[in-house]
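Keep the 3D view open as you read.

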Amino acid sequence: MAKDTPLLDVADLQVELITGQGVVRAVDGVTFTVRRGETVTLIGESGSGKSTTAMGVLRLLPEGLAVLSGSVRIAGRDVVADPDAARAVRGRTVSLIPQDPMTALSPVHTIGRQLGDALRLRHPELTRTEARDKGVELLGRVRISEPETRWKAYPHQFSGGMLQRILIATALAAEPELLVADEPTSALDATVQASVLDLLMELQEHTGIGMLMITHDLGVARLVSDRIHVMKDGRFVESGSAEEIVERPAEPYTRELLAAVPRLGTWDEDESSYGDGDGRIEPLVQGATS
Amino acid sequence: MPTYLARRIGQSLLTVFLTLTTVFLLVRLAPGDPASAYAAPSATSADLARIREQFGLDEPLFVQYGYFVRDLFTGDLGTSYSFHSPALDVVLDRMPYTITLAVSAIAVTTLVAVPLGVWMARRADTRRELGANVLTIAGQSMPDFWTGVMLLTVFAVLVPVLPASGFTSWSGLVLPTVTVAVLQLALISRLVRREMSTALASSYVTVARSRGVSESALTWRYALANSSVPLVTALGTRFAALLNGVVVVEVVFGWPGVGSLVVRALETRDYPLIQATVLVTATLAILVQLLVDLAYPLLDPRVRLGKAA
Ligand SMILES: Nc1ncnc2c1ncn2[C@@H]1O[C@H](COP(=O)(O)OP(=O)(O)O)[C@@H](O)[C@H]1O
Ligand SMILES: [Mg+2]
């Protein structure tokens, strides 16, 4: 891959969804790029097509119910033209941080099993013990306390904020160059939101990965983005740097989005602001209540 | 956990006892007289009265019930009128055959219905899935004696590769097993299909796919593990039902299990034998249900913390 090839290069992407009520053009010709170390944000009201864009980029929309056209090049490979390319980049070049952490992990498998699997997919040569050691270290990096104990815990034993950090660890297990984060904080309460965003930005600083961030919250967008695309009815109505969009919005739609912020609580760099969430854990001992 | 188990076992014993009481009363209140079933055609009313007295049926109902309960607690279920030996022994002699048929039918059902249901879920709403659905439902809708007789005709008469009747070698197990399994296939495969479709469409599968987990691992490890509770429940329920004996199939194939025994006991109004059959099959069915319930926490960790209290 040439040095100047963008990590993600989306050109005239259209997505048609086949629904019960007929065909919906959820994404109607969007074009954008994400380069190494950059955060590009798609912002827009609910139903504007942000998730469909993100899932379309990863080719995770249900086959047969979603028709893609245009091109999506991830590290130079067009995943619209070639489904095998999509399979090849997922979990290696690109990974996803999903919107709702509460449903994003299999409820009947331990955290360790799922994180360990992600690690061993990337590094098949790792033994179970090695994967465990690496996984425990990753959990520590996303500030899960007592990661050795938690390795054997199940998703329902964690709070939403902790699950989202575990999912970030799982996404990082792929050692991706590009992270797609679909509203990574909207299911979390305000203080936890700040801690998760903080963590993502810190990771980006250390690893230089590119990020496609999806949000409906301009407060979040302003904090994290290099570039913002404002989305409405499947199209971009306005694009620009974070500063341009926030300080000098051209479209009334963008001004409406602006009026709805700030929802994000005080920006608190102090780790203690989310230390509390960490200290709480449901009993880990099986059958502890009987 | 121990308290939970003790409570469940207590409930189970009570259920078995109440079932037995109901059956005890029903067989005696239903029309028909055991004495006339066992008396010679020429028997006088004095002969009939003597037989009734011999069977203890001349006593008032509540006195009979009192003796029944007293004997029950010593493990005595009376002497079978027709076999002239302890009723419980007669039933227990037949149980291995019924259990063998039930285990083998459930095993075959599972081995066929689970892959079939998974296949249907992965090809949901295609023509081939529709075809599989039609076939399994046709199998379920056919009367079991018809399936049995068809299989007999083909494999024991036209192409005589399998024994037609009885249990003389393990090959005698094949046709009854297939007949019973055909009846279960539609139910179990459609349950698997439904659960797997839900699981495959769920968020955790999409997220796992996003981190590069292969389609086969998504199917067999993620989705199937998340479908295991309803699957085990359904298989357990079907298995418990099969332990009650598969009357028609046993009769068609001359299978010496509890099902054909029940028919005979009812025909001859063999009260002790009916009661002993009910005791054994109800106990087994409840035991299976208990095992299924105990398996839940192993299959779904959320049950461990939630329900165990
Ligand atoms: N499963 C679906 N069935 C029907 N319509 C859908 C489905 N998913 C998305 N859509 C439609 O696609 C459009 C974009 O949805 P989405 O991408 O989820 O928006 P956003 O993430 O911006 O809230 C909406 O108009 C929505 O109605
Ligand atoms: Mg969305």
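**Interface, salt bridges and helix packing**

Between chain B and chain A, the count is one salt bridge. A salt bridge here is a side-chain nitrogen of Lys or Arg within 4 Å of a carboxyl oxygen of Asp or Glu. The pair is B:Arg221 with A:Asp117, whose closest N and O atoms are 2.9 Å apart.

This is a predicted model: local features need pLDDT of at least 70, side-chain atom pairs count only at pLDDT 80 or more, and totals for chains, interfaces and linings use all residues. Residues are numbered from 1 along each chain as its sequence is written, chains are lettered from A and ligands numbered from 1 in the order in which they are written, and side-chain values use heavy atoms, with hydrogens and water left out.

Now the interface as a whole. In chain B, 22 residues are in contact with 31 residues of chain A; contact means heavy atoms within 4.5 Å. The two chains bury about 2,400 Å² between them, 62% of it on carbon and sulfur atoms. Buried area is the accessible area (1.4 Å probe) that two parts lose on being put together, summed over both.

Over all chains, the whole structure has 17 salt bridges. One of them joins the side chains of A:Glu202 and A:Arg143, at 2.6 Å from N to O. This pair links distant parts of the chain, 59 residues apart: A:Glu202 lies in helix α7 (residues 190-207) of chain A, and A:Arg143 in the loop between α4 (128-141) and α5 (147-150) of chain A. Helices (H or I, at least four residues) and strands (E, at least two) are DSSP runs, numbered from the N terminus.

Turn to the helices of chain B. Two packed helices are described by the angle between their axes and the distance between the axes. Axes are lines fitted to C-alpha atoms, for helices over the stretch in contact, and angles run from 0 to 180 degrees between N-to-C directions.

Start with helix α1 (residues 2-29) of chain B and helix α14 (residues 271-299) of chain B. Their axes come within 9 Å and cross at roughly 155 degrees. α1(B) is therefore roughly antiparallel to α14(B). Angles under 35 degrees count as roughly parallel, over 145 as roughly antiparallel, 65 to 115 as roughly perpendicular and the rest as oblique.

Helix α11 (residues 228-243) of chain B also packs on α14(B), at about 170 degrees with the axes 9 Å apart. So α11(B) and α14(B) are roughly antiparallel to each other. Among the residues in this contact are B:Phe239 of α11(B) and B:Tyr296 of α14(B).

Last, helix α8 (residues 174-200) of chain B and helix α10 (residues 215-226) of chain B have axes that come within 9 Å and cross at roughly 105 degrees. That makes α8(B) roughly perpendicular to α10(B).
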